[in-house]
Amino acid sequence: MAKKVMLVGWHPSVVNYDKWPGLTPEKLEAALRADEKKLNDLGYDAEIGFIYSGETATEQLEKSLKENAYDVVLIGAGVRKDDDHFLVFEKLVNIVHEHAPKARIAFNTGPTDSDVAVQRWA
């Protein structure tokens, strides 16, 4: 049975691109979908769990974790590396810890290396 993986990150429509010169919603979406496909091609059951705001991120993730048992939950660099989202990141880690205590938590460095991060823990 394939290991189930959730890739948590901002939906491309809500990212502040001023912080990421050269990145556009289209480029980000393509990179995220390519990362998801790469994991699925490697034999994982991977899906993206987009978050849309800091106010709803924890509710969105909690709902997904209650509906599915994930082996690995990856919280993306766009959440983790942006100081403006420090509290959101902290809350997401705690939601995973509370609602998916058996899941491994992974972190990528950007929207192209989730496979490496997942493979460290899956």
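## Salt bridges across the structure

A salt bridge is counted here when a side-chain nitrogen of Lys or Arg lies within 4 Å of a carboxyl oxygen of Asp or Glu. By that criterion, a search of the whole structure, which is a predicted model, finds 11 salt bridges. Side chains of opposite charge can pair when their charged atoms come close. The protein chain carries 15 positive and 20 negative side chains, and the centres of these two sets lie 5 Å apart.

## Overall architecture

The protein chain contains 5 helices and 4 strands, and these follow one another along the sequence in the pattern β-α-β-α-β-α-α-β-α. The radius of gyration of the protein chain is 13 Å, close to the 14 Å that the globule rule gives for 122 residues, so the chain is as compact as a globular protein of that length. Taken along the principal axes, the box filled by the C-alpha atoms of the protein chain has dimensions of roughly 40 × 30 × 20 Å.

Of the 122 residues in the protein chain, 42% are buried, while the accessible surface of the chain comes to about 6,800 Å², with 54% of that area belonging to carbon and sulfur atoms. When contacts between residues at least 6 apart in sequence are considered, 73% of them join residues that are at least 24 apart.

The side chains of Lys-19 and Asp-82 meet in a salt bridge, with a distance of 2.9 Å from N to O. This pair links distant parts of the chain, since the two residues are 63 residues apart: Lys-19 sits in the loop between strand E1 (4–10) and helix H1 (25–41), whereas Asp-82 sits in the loop between helix H3 (77–80) and helix H4 (86–99). Lys-19 counts as partly exposed, at 32% relative accessibility, but Asp-82 is buried, with a relative accessible area of 8%.

## Salt bridges within helices, and a network

In helix H1, Glu-36 and Arg-33 lie 3 residues apart, about one turn of the helix, and their side chains meet in a salt bridge at 3.2 Å, N to O. Glu-36 is buried, with a relative accessible area of 14%, while Arg-33, at 35% relative accessibility, counts as partly exposed.

Helix H2 (residues 57–67) holds another such pair, Glu-67 and Lys-63, which are separated by about one helical turn because they are 4 residues apart in that helix. Their side chains meet in a salt bridge at 2.7 Å, N to O, and both Glu-67 and Lys-63 are exposed. Elsewhere, Lys-4, Asp-45 and Glu-47 are linked in a network of salt bridges.

## Val-73 and its surroundings

Val-73 lies in strand E3 (residues 72–75). Its relative accessible area is 0%, and a residue is called buried when this value is under 20%, so Val-73 is buried. Leaving aside neighbours within four places in sequence, Val-73 is in contact with Met-6, Val-8, Leu-65, Val-96, Ala-103, Arg-104, Ile-105 and Ala-106. Of these partners, Met-6 and Val-8 fall within the residue range of strand E1 (4–10), Leu-65 falls within that of helix H2 (residues 57–67), and Val-96 falls within that of helix H4 (86–99). Val-73 and Leu-32, which are 41 residues apart in sequence, are 15 Å apart in space from C-alpha to C-alpha.

Definitions and conventions
Residues numbered from 1 in each chain as written. Predicted model: local features only at pLDDT ≥ 70, side-chain atom pairs only at ≥ 80, totals over all residues. Heavy atoms only, no water. Rg over C-alpha atoms; globule rule 2.2 N^0.38 Å. Buried < 20%, exposed > 50% of the residue type's maximum accessible area, 1.4 Å probe, protein only. Contact = heavy atoms within 4.5 Å. Areas by Shrake-Rupley, 256 points an atom, 1.4 Å probe, with all protein chains shown as cover. Lys, Arg positive; Asp, Glu negative; His and termini not counted. Charge placed at Lys NZ, Arg CZ, Asp CG, Glu CD.
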